[in-house]
Amino acid sequence: MFQAIIKRLVGALPALFGVIVVTFILTRALPGDPAAYFAGPAGSQEAIEEVRAKLGLDRSLPEQFVLYLRDLARGDWGYSLTTGQPVLTELAERLPASLELTLVGLVLAVIIAIPLGVLAATRPGSWIDHLCRGITTAGVSLPTFFTGLLLAYVFYFLLGWAPSPLGRLDPYTTAPDFVTGFYLIDSLLAGDGETFVAAASQLALPAITLALFVLAPLARMTRASMLGVLSADFIRTARASGLHPFKVLFTYAFRNALLPVLTTLGMVFSFLLGSNVLVEKVFAWPGIGSFAIEALVASDYAPVQGFVLAMALLYVLLNLLIDVAYGLVDPRARLEA
Amino acid sequence: MNTANPALATRAAPGRLARQWHTLRYVVGENPLSAISAGLFVGFVLLALFGPWLAPHDPLASHVGEPLSPPSMAHWFGTDALGRDILSRVIIATRLDLGIAVAAVALSFVIGGLMGAFAGYFGGWFDRVSTRVSDTIMAFPLFVLAMGIVAALGNTVANIVLATAIINLPFYLRVARAEVRVRREAGFVEAARLAGNGELRVLFYHLIPNVMPPMMVQISLNMGWAILNAAGLSFIGLGVRPPEAEWGIMVAEGAQYIVSGEWWIALFPGLVLMLAVFCFNLLGDSLRDLIDPRRRT
Amino acid sequence: MSPTGKTLLEVDRLAVEFRTRSGTVRALEDVSLALAEGETVGLVGESGSGKSVLSFAAMGIQDPAARITAGSLRFAGQDLLAGKGAAMKALRGREMAMIFQNPRVALNPIRPVGKQIEDVLARHTDLHPAARRARAVECLAEVRIPDPERRYAAYPFELSGGMCQRVMIAIALACKPRLLIADEPTTGLDVTTQAAIMRLISELSAERRMATLLITHDLGLAREYCDRIAVMHAGHIVEVGPTAGLFAAPRHPYTERLIAATPVGANSLDELAAIDGNLPDLRRDDLPACRFAERCPQRAAVCDAPLALLPAEGSHRVACHLPRKVAHSLERKHVASA
């Protein structure tokens, strides 16, 4: 098993390398002269040359790439012009906010999508099947930034159920002590129920917005793969041996149907991390997405590059986890690995 | 879908047409939404073509009405903070939004399709390189990659198109590569080769026409997503700049007003955007059902 | 292996319909068949004749679109259709079991085969987990799988088709059922494995005095392993009788053609006769009383009259208004080649 995981880790290396090469290309493709840009608008010719040498821009591209790798490894991801802080520090500070939002959104989507897909597949043609079809077609058509706004309008402005859609906590609540950076977990660890409720109510709308968007591909895939598996020969064998319908549905059908769903999860993460940026902007969520957008608007490129790299690394890692999970469920994949 | 024998396929053409017509009617009858989406599609195309003549007001002119006035007979969709007519802006934006998506999809279709076809047909180093390129693109969360590309290349509409094209490229490349690969050794290809056709001629005249149906399905499934991506990029302030009318940016402009109750500024462009994406997704599903009934889910 | 035991499975005037969008398919009509303890009966007929529909209905695992509209199913005197299938549920997998074709895909691909046997044991016995595991290994040994202790943990993809079929038989026989339905058990296996599997089934059936219903389109197989044979055509049983008698003197023109279309006994491929026409569309409202009439060379006015299985000779029965005389059937080769 360990060997299989190691093999998968090694298998992720080309993707990792590709990601770094692309981000490197993106940093060198900045409009105009990067040195002039990093020296600032008031930079003299000398200052520009100094920056050029400091950034290694006067060397050949392969050399620059090696320097880039070295800097990345050292944790030197550049500085934000607007805040003056190292990009890596800024990202690390904001990452828990983004992760908390993304994970809660994903969990919500999975909790709804998988039972929905299973029910739709076991009762083809029923109302729940039609509901599933409706949700999957409509769901992928939703612009997340727009659904977020609609939810905010309805639940904050009209109904008053949700707090003002600004940030992770209302201004009257102080953040819990830092342990994991996830407010939900940290407030529970601190035994502070009030903060937990405050954090959860701030989190609810953005997380639902994200969930609505990624629910569709998940439910669609679950339904399709469940339908396929339920008509498989081995399900008939299980039924003929008189196994309990729940046993047939879960141990036999569902675990097999999970395999294509796990594969889809990779695409779902891609959607999730992308729409996360939009949702963070809508709800003024202080995560790495908002940070990148602010930097982008201010033409502050180092944080944007850092953000793209961080997201890509996160995505490679998530795909690796999916791979490992796949191996756990499917003995055939374990053997091939 | 199985046109392994072109001679047979041509002979059976009338029957096949009739059958496709029958399937079309079946698909539409089965799912009346297909008919609705086809109608919507025509509507969007008309708006894109004739928008400037259909818009009741100048989309850029401020103070054509009282600022921030809700929908009324004079301004069906209301007016924004500058007193611009939202209906006119929504109509005018159709051309830009669809234009970006169509251009991006066309670009990735042509480049991705050709790369995929070559990779699938010739294999070898080109296959390895192009597969590696597409895998590398797919190793990014795609919207984030698009952000990075626009940030690096410059904040222009052309770069939005390019970025959207790049993140869509792998899908076309993969479909074309896979479809060409399975047909590379098919009987009709072998026959064309034996008839003295050069490799390129076989590829362009015999293989590529055969992989068009799945590619068309890919296009229609992809359009909605391309629109969504482009609108998302302009929502966060990339590409299209105010005062230009574009659905994503209009939603962004309305965002700050929605919490104070002026819902119409963001609602109408958002709804139309949603409708456009919905329409293309439905069309894509119907087209897939029509061309490849086996993959119906 | 003589059919002396008392009746175990009794299918009486069974009718099954499928409601589909394009009409109602009358898949089985007036089907009666009985199996005695220790007896092996072959159910033969071309694809689509209703063999599998009958066996699925007997196991209560038919398609959700299928409805039993008439008739009864009894197992050891117990009504299987009682209590919305509750009776069936109690017996399925314990008293009656079934094995299928294409064994490699008929087993759960991501569950060790031993576990799949244990699942059945867990459902139908109160063995402790440890005893269950031991019993599962024993089951593997009973179907002559070498090194059963090691095979217990194997996944189907690690086993050959023949091994997978043995595992499926082990699953079916884990609870020592009194009836085994084998639905084309050798389809999808290579020829040498086919013989081994058939020998295994017939040995186990004999050892346990298990009633066996062998569903096959291979008449040669049926002739070799079955005590009696029932011939199905388009949802009807058209002829049923002891194997030797049925092959020596088929009464129904369909049986006769079926035998003529089988390589066994024919000296060359030229002598193989194809059967004219296709199975009739079972959605039609105007199906003739004899569903073979439209393909039958000797159709006459009397063929439109209602039809039942009538005794021909001893237990040999046939559903035909113009059954073949015994003398005729001796010349069947001439008929076939004509």
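Modeller: Domain bounds come from an automatic or database domain assignment. On that basis chain A is divided into domain 1 (32–76) and domain 2 (95–287), and the C-alpha centres of domain 1 of chain A and domain 2 of chain A lie 43 Å apart. This is a predicted model, in which local features need pLDDT of at least 70 and side-chain atom pairs count only at pLDDT 80 or more, while totals for chains, interfaces and linings use all residues. Residues are numbered from 1 along each chain as its sequence is written, chains are lettered from A and ligands numbered from 1 in the order in which they are written, and side-chain values use heavy atoms, with hydrogens and water left out.

Colleague: Why is F204(B) called partly exposed?

Modeller: Buried means under 20% relative accessible area, exposed over 50%, and partly exposed in between (1.4 Å probe, protein chains only). F204(B) has a relative accessible area of 38%, so the residue is partly exposed. F204(B) lies in helix α9 of chain B; helices are DSSP runs (H or I, at least four residues) numbered from the N terminus.

Colleague: Which helix gives the most to the nonpolar patch?

Modeller: α4(B), with five residues. α4 (86–122) and α9 (199–235) of chain B each supply at least two.

Colleague: Which residues touch the most other members of the largest nonpolar core?

Modeller: A nonpolar core is a set of buried Ala, Val, Leu, Ile, Met, Phe, Trp, Tyr and Cys residues joined through side-chain atoms within 4.5 Å. Among the 280 residues of the largest one, they are F307(A), M147(B) and L33(C). Helix α12 (residues 245–282) of chain A gives this core the most, 19 residues.
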